[in-house]
Amino acid sequence: MKKNKDSEWFIHAVLLAGVVVVVFPFIWMILSSFKSLPDFYSFSFWPHKFDFSAYKFIFKETNFLQWYLNSIIIGAIVTLSCLVFNSLIGYTLAKYKFPGRKAIFILILSTLMIPTEMLVIPWYMMGAKMNLIDTYLGIMFPGLIEAFGIFLMRQFMLGIPDDLLDAARIDGMNEFKIWWRVALPQVKPALSALGIITFLGNWNAYLWPVIVISTENMRTLPVGISLYATGDAGGIQWNMIMGMSTLAVIPMIIIFLIFQKQIVEGITLTGVKG
Amino acid sequence: MIKSTIEKSRKIHPLKLKTKQTLVAYSFLTIPLLFFLCIRIFPTLYSFSMSFSPQYGVGFTVENYQKLFKDHFFWQAVWNTLKYVIITVPIQMALGLLLALAIKRIQHFRWFYRMIYFLPYITSIVAVSWVWRLMFDPNTGFLNAFFGILHIPPQNWLSDPKEALLCISTVMIWQSMGFSMLIFMAGLEGIPKHLYEAAQIDGAGKGKMFWKITLPLLNPTIVFLAVTGVIQALQTFTQIQNLTAGSGSNAGGPLHCTISIVVYMYQNAFQDFNMQYASAVAVVLFIFILLVTLLQLRVLNKNIEY
């Protein structure tokens, strides 16, 4: 019995050492955001004086708040669209019998094999033709419906008993209402999981946004931070970059801490189901 | 009662019900199908056709692929990408499995460890890359200061051609091991306890139990993590762009020794504006991913046969 306790202490010690490695970059980021530029000429752990000038500059002199707003708007719309369309398509593929059902399902699934990287060039050329470059719609359109989400929703919709839907039909509900009122409430956990991973994916998306965005006002947070950091020929303004990173990362960490259980379950659920 | 009514209605109007179902289904599916055709299928075909087009003018040509074959930088990008795969995937999976096993063995604070180790996965790659870039900085970064305490000579990290790729891989592993851990935890949860109890009665040791029970039963989890990990590493872009690009220098340095397939494609398409040549690069990436996917299907089918 005692031996077991010893080994438990040992495991805690190892895990805590790992925790330091995982958390340290975040602490370093926050500390660095309170340094003034001369603090970066040589190594220092603490700021010489807690200096808020980086934050003042970020809010006054850059478009940071606009980037934040862009990220929130784009994330919210794409997530909403994915929830509606993916669940409707998943429901249709799971619960209706019609010719071509299997072919359509395979067609949608097979698009999962196509990497985004291969599509960005055609998307860019299409976007240029349709005047979508540097617009919200241009940033959003590739993600509005998503094959993995359809697959996930179909798997969950398969579990809804047919009798439940037939009963609603007898009651005279139309088909659209049956999906909305009867089917959707049955798969709420899967919906919230899908919503979380879609929003996270969009919040952190970089490759397509950095291609399609051309003016400063349209930038999303990752694009804004990245281009601001490499944009100044006079060298990297570390305190500013760390301030922006802190402002981008801390709210996500807080949201994660609050919804920890749902997020972890959602990611596990989608990971395991996929 | 309800069921019998439905059956009756099915008997009276068997055809009508089926037609109605088909109509409703297709009315729900029309817009999404158009979307998939326009946003996924057509661009894929377009990408292939562009890779066989000359940069200026029209017509069919294989010159993009000929050029690709002789392009030293392209092969460097392919080789680097394979290095990212070979370095990051096994290490992040091994660390994830070790963490999952360790957390499973303790009684208290499991949720705390799970939460902390998963944290990097949900944070923005761009933000995290810049934080690491500051830590790697040879003059003011934390890592050289830390090495100084341990009396290890300072390193050049991202500006050293020998170390840069390893530095980027470290950031990738740091960020994704929490995901492996989470999936392994779910996989371990699914192994029935009575198997271990039975093995204990038979006198099996801990090591034997791990190799004969835990690892074989984790097989689907391992395949899933390996495939998603390989595909993700093949697509590495954001980390390289943010860890190595400067105001005057392209990403993928120093001396092209961190450039990946996607970074190379990006530079050809959106800095040199040779979309046709970049499409050929993209097609190669597509073939790599296709091979991994087909391999996965084979492995999974084999499992079913057993």
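Analyst: The crossing of H3(A) and H7(A) is right-handed (the near helix is turned clockwise from the far one by less than a right angle). This is a predicted model, in which local features need a pLDDT of at least 70 and side-chain atom pairs count only at pLDDT 80 or more, whereas totals for chains, interfaces and linings use all residues. Residues are numbered from 1 along each chain as its sequence is written, while chains are lettered from A and ligands numbered from 1 in the order in which they are written.

Helix H3 of chain A covers residues 64-95 and helix H7 of chain A residues 147-157, and the two pack with their axes 7 Å apart at an angle of about 50° (helices are DSSP runs of H or I, at least four residues, numbered from the N terminus; axes are lines fitted to C-alpha atoms over the stretch in contact, with angles from 0 to 180 degrees between N-to-C directions). H3(A) and H7(A) are therefore oblique to each other, a class left over once angles under 35, over 145 and from 65 to 115 degrees are set aside. From H3(A), the contact draws on A:Cys82, A:Asn86, A:Ser87, A:Ile89, A:Gly90, A:Tyr91, A:Leu93, A:Ala94 and A:Lys95, and these meet A:Gly149, A:Ile150, A:Met153, A:Arg154 and A:Met157 of H7(A) (C-beta atoms, placed from the backbone, within 7 Å). By class, the contact of H3(A) with H7(A) has eight nonpolar, four polar and two charged residues (nonpolar: Ala, Val, Leu, Ile, Met, Phe, Trp, Tyr, Cys, Pro; charged: Asp, Glu, Lys, Arg; polar: the others, Gly among them).

In chain B, helix H8 (residues 164-189) takes part in a packing with helix H6 (residues 125-136), where the axes come within 11 Å and cross at roughly 130°. This angle makes H6(B) oblique to H8(B), and their crossing is right-handed. On the H6(B) side the contact is made by B:Ile125, B:Val128, B:Ser129, B:Trp132 and B:Phe136, and on the H8(B) side by B:Cys167, B:Val171 and B:Gln175; six of these residues are nonpolar, two are polar and none is charged. H8(B) also packs against H4(B), with the axes 6 Å apart and an angle of about 40°, which makes H4(B) oblique to H8(B). H4(B) likewise passes H8(B) in a right-handed crossing, and their contact has 17 nonpolar, seven polar and two charged residues.

Confidence bears on how these helices are read. Chain B averages a pLDDT of 86, and 93% of the residues score at least 70 (pLDDT being the predictor's confidence in each residue, from 0 to 100). Among the elements of chain B, helix H4 (residues 72-105) has the highest mean pLDDT, 94, whereas helix H1 (residues 2-12) has the lowest, 54. Where pLDDT is low, the predicted coordinates should not be read in detail.

For the complex, the predictor gives an ipTM of 0.89 and a pTM of 0.88. Between the chains, 75 residues of chain A are in contact with 72 residues of chain B. On the side of chain A that touches chain B, helix H1 (residues 2-33) of chain A gives the most, with 13 residues, and the residues of that side divide into 54 nonpolar, 14 polar and seven charged.

Notes: Contact = placed C-beta atoms within 7 Å.
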